[in-house]
Amino acid sequence: MSASERRLPFSSVLIFLYGSVAILTPPSSSASLDTFVFYGCTVQKYIPNSPYASNLNLLLGRLVAAATTASYGNFTVLGSAPQDTIYGLYQCQGDLNSGDCSQCVAGVVSRLGTVCSDACGGALQVEGCFVKYDNKSFFGVEDKTVVVKKCGASIGSDVDALTGLDAALAYLGSSSGTYRTGGSGDVRAVAQCVGDLSVSECQDCISDAIGRLKSACGPFAWGDLFLAKCYVRFTRGAAHAQDNGNGNEDSKGNDNETNKTLAIIIGLIAAVALLILFITYLNKKCEKGKGCK
């Protein structure tokens, strides 16, 4: 994966390492649901085979299972000691069906084990879904840290095009719900909040993201702005499909199909592995170990 890492605050108590991948795409693209958008991991690590490790496996298993019936869910796994308690959530893109949502979350969970190996906290956003876990509660905490900002090719000073973007983004800002879509002319736009935010927090996050996106990417063919707890994206017609000048290129058809097949296989393997780890945890539940502090 080609990415440049930078340090940004993910919450008030943790520092995450972020990587934004060059194959970001706007709402109208045909990018695979499992295409990376960004990820972050805490510097703090846990000890393998510790109670924290067992609780993390249990949490991730619950996220995967819940995604078969709902597009959003959050869980807390209590530890015998405070440092072993862990919090986590998942969220799928608002228009995904349950099958795609489940597959997406399973794939992200399996990838987190690689990109955030032994990290006490981790987060990974792909095109179709988002998963985050931490040893400090982040539920209901608004976070407007910019984690991804990408723009397409310049369209110059086309007044009609700029007016269409203003109208599309204004529609998103005046809509309600955690997932919003809208358009004006050839402009399509989409926005979504993480489901743990309140109605007012969601509105505040999306309004802030809209303002930043318009300022950063207004005179461009497409734009993506992801904050830690919400995102706004827009594209003009099929502009991005023809715009590969900045190195932002989707995986082609065969690669996408291969990635989907691999995601299914990885998801099944992850489910079996989680079951084995859970059984091991039950057998060793009386053992003590050091977790994240």
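# Buried, bridged and paired: a chat about this model

Tutor: Let's start at N49, which sits in the loop between β3 and α1 (51-66). By the way, this is a predicted model.

Student: What makes N49 count as exposed?

Tutor: Exposed means over 50% relative accessible area. N49 comes out at 77%, so N49 counts as exposed. There's another thing about N49: its phi is positive, about 70°, although N49 is not a glycine.

Student: And D118, why does that one count as partly exposed?

Tutor: Partly exposed covers values between the buried cut-off of 20% and the exposed cut-off of 50%. D118 has 28% relative accessibility, so it falls in that range. You'll find D118 in the loop between α2 and β6 (122-126). Its phi is about 65°, which is positive although D118 is not a glycine.

Student: What makes S175 buried?

Tutor: Buried means under 20%, and S175 has a relative accessible area of 18%, so it qualifies. S175 lies in the loop between α3 (159-174) and β9. Leaving aside residues up to four places away in sequence, S175 touches R180 and Q203.

Student: Now salt bridges. How many are there in the whole structure?

Tutor: A search finds seven. Let's look at some of them.

Student: How do you know that D34 and R111 form a salt bridge?

Tutor: Check the gap between the closest N and O atoms: it's 3.6 Å. The cut-off is 4 Å, between a side-chain nitrogen of Lys or Arg and a carboxyl oxygen of Asp or Glu, so this pair counts. D34 is in the loop between β2 (15-21) and β3 (36-42), while R111 is in helix α2 (residues 98-115), so the pair ties together parts that are 77 residues apart in sequence.

Student: What makes K229 and D196 a salt bridge?

Tutor: Their closest N and O atoms are 2.7 Å apart, so they are within the 4 Å limit. K229 is in the loop between β11 (222-227) and β12 (230-236), and D196 is in the loop between β10 (187-193) and α4 (199-217), so this pair ties together parts that are 33 residues apart in sequence. K229 and D196 are both buried.

Student: Which residues are linked in a network of salt bridges?

Tutor: E127, D224 and R233.

Student: Back to α4. How do you know that its length agrees with what 19 residues should span?

Tutor: At 1.5 Å a residue, you'd expect 27 Å. The C-alpha atoms at its ends are 26 Å apart, which agrees.

Student: Which residues of α4 are buried?

Tutor: C202, C205, I206, A209, I210, L213 and C217. Looking down the axis of α4, they fall within an arc of 140°, so they line one face of the helix. The face turned away from that buried side carries the exposed residues S200 and S215.

Student: Which strands does α4 lie across?

Tutor: β8, β9, β10, β11 and β12, with α4 running at about 140° to β11. Those strands make an open, antiparallel sheet in the order β8-β11-β12-β10-β9.

Student: Why do β8 and β9 stand at the edges?

Tutor: β8 (146-151) and β9 (179-184) each have a single partner strand, so one side of each is left without a neighbour in the sheet. On average, neighbouring strands here are turned by 5° against each other, direction ignored.

Student: And what makes β8 and β11 a pair?

Tutor: Pairing takes at least two bridges. Five bridges join β8 to β11, so they count as paired, and they run antiparallel. For K150, the bridge partner in β11 is D224, and D224 belongs to the salt-bridge network with E127 and R233.

Terms used: Residues are numbered from 1 along each chain as its sequence is written. This is a predicted model: local features need pLDDT of at least 70, side-chain atom pairs count only at pLDDT 80 or more; totals for chains, interfaces and linings use all residues. Side-chain values use heavy atoms; hydrogens and water are left out. Helices (H or I, at least four residues) and strands (E, at least two) are DSSP runs, numbered from the N terminus. Buried means under 20% relative accessible area, exposed over 50%, partly exposed in between (1.4 Å probe, protein chains only). The expected span of a helix is 1.5 Å times one less than its number of residues. The arc is that of the directions from the helix axis to the C-beta atoms. Axes are lines fitted to C-alpha atoms, for helices over the stretch in contact, and angles run from 0 to 180 degrees between N-to-C directions. Contact means heavy atoms within 4.5 Å.
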